[in-house]
Amino acid sequence: MQKSFSQKRLQEWIIERCIYMSGIASIIFVCLIFLFLAKEGFSLFKNISIFDFLLGQKWYPISTPPFFGILSLIVGSLYVTLGATVIAVPIGIASAVYISEVAPPRVREILKSGIEVLAAIPSVVLGFIGMMTLVPWVKNTFHLSTGLTAFSGALMLGFMAMPTIVSIAEDALNAVPKRYKEAALALGATRWQSIWRVILPAASSGIVAAVMLGIGRVIGETMAVMMITGNAARIPDNIFQPVRTLTATVAAEMGETVRGSDHYYSLFAIGIVLFIITFCINLIADFAVHRKAK
Amino acid sequence: MSAIIQTRNFNLFYGTFHALKDVNIDIPKNMITSMIGPSGCGKSTLLRAYNRMNDLLEDVSVNGEVIVDGKNVNDPGMDLVELRKKVGMVFQRPNPFPLSVAENVLFSVKIHRSAAPKEYGDIIEKSLKAVDLWDGLKDKLNTSALNLSLEQQQRLCIARLLPVKPDILLMDEPCSALDPIATGHIEELMHHLKANYTIVIVTHNMQQAARVSDYTAYLYLGNLIEYDLTKKIFTVPKDRRTEDYLSGKFG
């Protein structure tokens, strides 16, 4: 009896430790990744000033002398991200409202699984399809010399952000208590008025989180943008020109660098920039969610 | 008595379940009518038939007539917005919108565009005074309604109906989430409101029905068993089943 009791306590102790370790592990991994990124990335700034890096317009990492200005890459990422956001957010929220508030149950089920499938398509496949269909369409429709533009990338990424936005926004809308809707309808509100004046405001923090996570997905996306944005490292005059994004630069050039060179370090420094951007976006999303919890 | 709601051979089905059976009942104007009966007897369903809130549920079918102010509410051409402006509803759980106190009161005004912004102040004051919230809340009009006590929330839900100028107030167990003191306050409020509104209240609480209402209807398994003056129902019920329920033999 006594023995089995202490055995049980030991068992409890082991299980508790295991869970504790797993919980801690995720934090440790993030810290290690960031430390590694920082160690490699900051080595660049021994040779190049941080202003030349962030604000320099020339990205010629392998010419002599090399230029490591990433402004054009930041602008490229910004163009594609903003474009994708403008496309994905209104359509995404509208379709979340449709699925959660308007669609009859059968249609709702079909749409929800459709969106899950859309989320499951690997980005390289989407990129390939985009290259074959979207790029020629953009070229012909807008009479451009090439269809590999920021606009094509924005369209494509808009599609990729949509499932994230729709499914999280839809969860937020479903979490709004039904009694608010009942109250609005009982006061003589139309369905649209109850959605616009009650349900959307009540779900607003969840919708902000959905948008932020969608944007996070877009900024971090690499494969599809690399395939269809043209990868020209220059600041575009408008959205119908080729751009190169931060992510595509790292992915395209990492294989060709010499370990320990400035070029190698500069790619890590780009990683830090990306890390900070996504960190800020997640922070905003978190803030929005917690504002609701209060 | 002049009836403001007339229910004629009214049947309601949830899918194949026959929830209300040939109900005939006339609700008199400017009186309080209560509906009592054990859970599942159909009293809430009947109440929700008066402003067609049952439409929110899937698979509901009806036949027979519910006539509110001379119009059959189940007519295909019935304007639900007009109906619900005429027939306000207070729910079991207080359900103020997650907006400020003022915005809750103004909600109906804004969706129906029934007043100019310069009248908003008056509307808020009048509505909150009618439910005795004004003195307590006049300095807190911008706080979220969700921060109020449950009793205040329920009062606010009643106040929110008043700018629509309804003729009828439906109350679906309005006190079941409240403590006895708050319940007493709401009942008092109902007595004040009776002068201007017809009130139909569903309640689980027989004492409440006896205290507040002029007429009482007893429903059981979807049938209207007995409907008469509250005094008569509680002292000389005609039907054995009513007597059994009121004396606590079941329910």
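## A covered helix in chain B

The buried residues of helix α3(B) are Val101(B), Ala102(B), Asn104(B), Val105(B), Leu106(B), Phe107(B), Ser108(B), Val109(B), Ile111(B) and His112(B), where buried stands for under 20% relative accessible area, exposed for over 50% and partly exposed for what lies in between, with a 1.4 Å probe and protein chains only. With 10 of its 12 residues buried, α3(B) is mostly covered. The names of such elements follow DSSP runs, numbered from the N terminus, in which a helix (H or I) has at least four residues and a strand (E) at least two.

What do these buried residues pack against? Their partners are α7 (178–186) and α8 (191–202) of chain A, together with α2, α4 (120–130), α5 (134–137) and α6 of chain B. After α3(B) comes Arg113(B), whose phi is positive, near 45°.

## How the model is described

This is a predicted model, in which local features need pLDDT of at least 70 and side-chain atom pairs count only at pLDDT 80 or more, while totals for chains, interfaces and linings use all residues. Residues are numbered from 1 along each chain as its sequence is written, chains are lettered from A and ligands numbered from 1 in the order in which they are written, and side-chain values use heavy atoms, with hydrogens and water left out.

## Where the two chains meet

The contact (heavy atoms within 4.5 Å) takes 25 residues from chain B and 16 residues from chain A. The size of an interface is often given as the accessible area lost when the parts come together. Here the buried area, which is the accessible area (1.4 Å probe) that two parts lose on being put together, summed over both, is about 1,800 Å² between chain B and chain A, and carbon and sulfur atoms give 68% of that area.

Across this interface there are 4 residue pairs in polar contact, both residues being at pLDDT 80 or more; a polar contact is a pair of N or O atoms within 3.5 Å, and within protein one must be able to donate a hydrogen and the other to accept it, while residues adjacent in sequence count only if both atoms are side-chain atoms. On the side of chain B that touches chain A, the elements giving two or more residues are α2 (80–86), β6 (87–90), α3 (101–112) and α6 (150–161) of chain B, and the largest share, 5 residues, comes from α3(B). By class, this side of chain B has 15 nonpolar, 4 polar and 6 charged residues, with Ala, Val, Leu, Ile, Met, Phe, Trp, Tyr, Cys and Pro counted as nonpolar, Asp, Glu, Lys and Arg as charged, and the others, Gly among them, as polar.

## Charged pairs

Side chains of opposite charge can pair when their charged atoms come close. Over all chains, the whole structure holds 17 salt bridges, each being a side-chain nitrogen of Lys or Arg within 4 Å of a carboxyl oxygen of Asp or Glu. Between chain B and chain A the count is 1 salt bridge, and Glu182(A) forms it with Arg48(B), the closest N and O atoms being 2.7 Å apart. Glu182(A) lies in helix α7 of chain A and Arg48(B) in helix α1 (residues 43–49) of chain B, so the pair joins two chains. Glu182(A) is buried, with a relative accessible area of 18%, and Arg48(B) also counts as buried, at 13%.

Within chain A, Arg244(A) forms a salt bridge with Glu253(A), with the closest N and O atoms 2.4 Å apart, and both Arg244(A) and Glu253(A) are buried. In chain B, the side chains of Arg240(B) and Asp244(B) meet in a salt bridge of 3.6 Å, N to O. Both residues lie in helix α10 of chain B, 4 residues apart, which is about one turn of the helix.

Helix α9 (residues 204–220) of chain A has 17 residues and reaches 24 Å from its first C-alpha to its last. Because 12 of the 17 residues of α9(A) are buried, this helix is largely enclosed by the rest of the structure. Ile215(A) is one of those buried residues.

Thr85(A), in helix α3 (residues 71–102) of chain A, is buried, with a relative accessible area of 18%. Not counting residues up to four places away in sequence, Thr85(A) touches Pro90(A) and Ile215(A). A polar atom of the Thr85(A) side chain lies 2.6 Å from the backbone oxygen of Thr81(A).

Terms used:
Expected span 1.5 Å × (residues − 1).
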